[in-house]
Amino acid sequence: MKNIDILCIGETLIDFIGNETDATLQQTTGYKRLLGGSPTNVAFNAAKLGLRAAIVSTVGNDGLGHFALRELEQGGVNTQYSRTANSSNTSIVMVSRSTGTPDFIAYRDADVHIEDYQLADTVLQNAHVYHTTCFALSKKPAQHTIVTKAKRAKELGLQLSIDLNYSDRIWPDRQEAMDIIQLYCSYNPLIKISEDDCFRIFNQEKSEAFIFDYFHSHGADTVCLTKGKDGVVLSDRNTGIIKQDAQRLDNIHDTTGAGDAFWTGFLYARLKGYNFTDTLTLAQKIASLKLQNIKNWETIL
């Protein structure tokens with residue numbers, strides 16, 4: 001009787017993405033306004049693929065917040081668990097357009113005000129997957145709400161998920177971040193982490209073996225490490241290690257949102273019962289479509 005495939009909890013914000021490719025923020029002269037926020041992107045992408053997606057977030061009662069919720073609703077995302085805050089402004093992020101790792105500056109306000117009542121048991125009981133990010137966990141009260149409700153979601157039988165998109169510019173207290181990440185891992189989420197994320201979390205380069213052992217030891221059965229042009233490596237306690245090369249692309253339009261597209265494909269495949277090899281294949285295909293700014297993802301399903 002559940003009516004939500006993926007419940008995404010975290011930031012709904014506005015990305016202002018630079019017009020010039022591979023220009024720094026200092027060099028960028030113009031920006032395009034786009035709906036943004038990693039959990040928001042996953043919810044929007046999931047709806048595009050035909051899944052029943054809902055977003056739990058907070059925006060300001062302002063023009064940008066109204067724009068964001070309208071875009072989500074028009075995209076087929078359930079926004080009834082999101083709210084507008086009269087006392088806060090919609091958060092925004094300035095992002096460079098890049099074929100590598102983009103630069104960004106975040107101006108945060110409303111997105112951190114996710115409250116317990118937005119994630120009542122009646123909401124959790126209607127969902128299959130509970131997904132969030134390090135960005136969303138980096139500030140209170142959202143941090144407390146998301147972690148507390150993650151424990152409840154686990155008790156209710158949901159599959160947890162997290163994108164460990166850590167940045168010390170967003171979450172400068174690394175020890176707090178490690179403590180919260182370890183706590184969330186104890187609920188056995190599906191983990192997505194990139195090589196860049198790993199370097200920022202551990203503040204040094206770590207081997208694949210170390211990365212997988214670390215997250216497995218804290219309770220996560222499945223860890224997916226994305227490596228950009230070097231492909232992806234998945235470690236699962238039961239299945240073992242699976243590696244896939246990256247798809248060769250001649251025309252990379254922009255890397256912004258590619259990780260969210262990959263993870264949407266991953267969660268879609270797991271919900272549909274794909275094995276891990278086919279899951280990674282589909283996830284990489286969807287990420288490649290995003291990298292090339294190709295709109296009709298559903299044609300590959």
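Residues are numbered from 1 along each chain as its sequence is written, and side-chain values rest on heavy atoms, with hydrogens and water left out. In this predicted model, local features need pLDDT of at least 70 and side-chain atom pairs count only at pLDDT 80 or more, whereas totals for chains, interfaces and linings use all residues.

**View 1. Salt bridge between Arg 70 and Glu 71.** The structure as a whole contains 15 salt bridges (a side-chain nitrogen of Lys or Arg within 4 Å of a carboxyl oxygen of Asp or Glu). In the pair shown, the N to O distance is 3.7 Å. Glu 71 is partly exposed at 25% relative accessibility, and Arg 70 is likewise partly exposed, at 41% (buried means under 20% relative accessible area, exposed over 50%, partly exposed in between; 1.4 Å probe, protein chains only).

**View 2. Salt bridge between Arg 108 and Asp 111.** The two side chains meet with an N to O distance of 2.8 Å. Both Arg 108 and Asp 111 are buried.

**View 3. Salt bridge between Asp 121 and Arg 152.** The closest N and O atoms of this pair lie 2.9 Å apart. The pair links distant parts of the chain, 31 residues apart: Asp 121 belongs to helix H3 (residues 121-124) and Arg 152 to helix H5 (residues 142-155). Helices (H or I, at least four residues) are DSSP runs, numbered from the N terminus. Asp 121 is partly exposed, with 27% relative accessibility; Arg 152 is partly exposed, with 28%. Salt bridges with shared partners join Asp 121, Arg 152 and Glu 155 into one network.

Key
Helix = DSSP H or I, 4+ residues; strand = E, 2+ residues; numbered from the N terminus.
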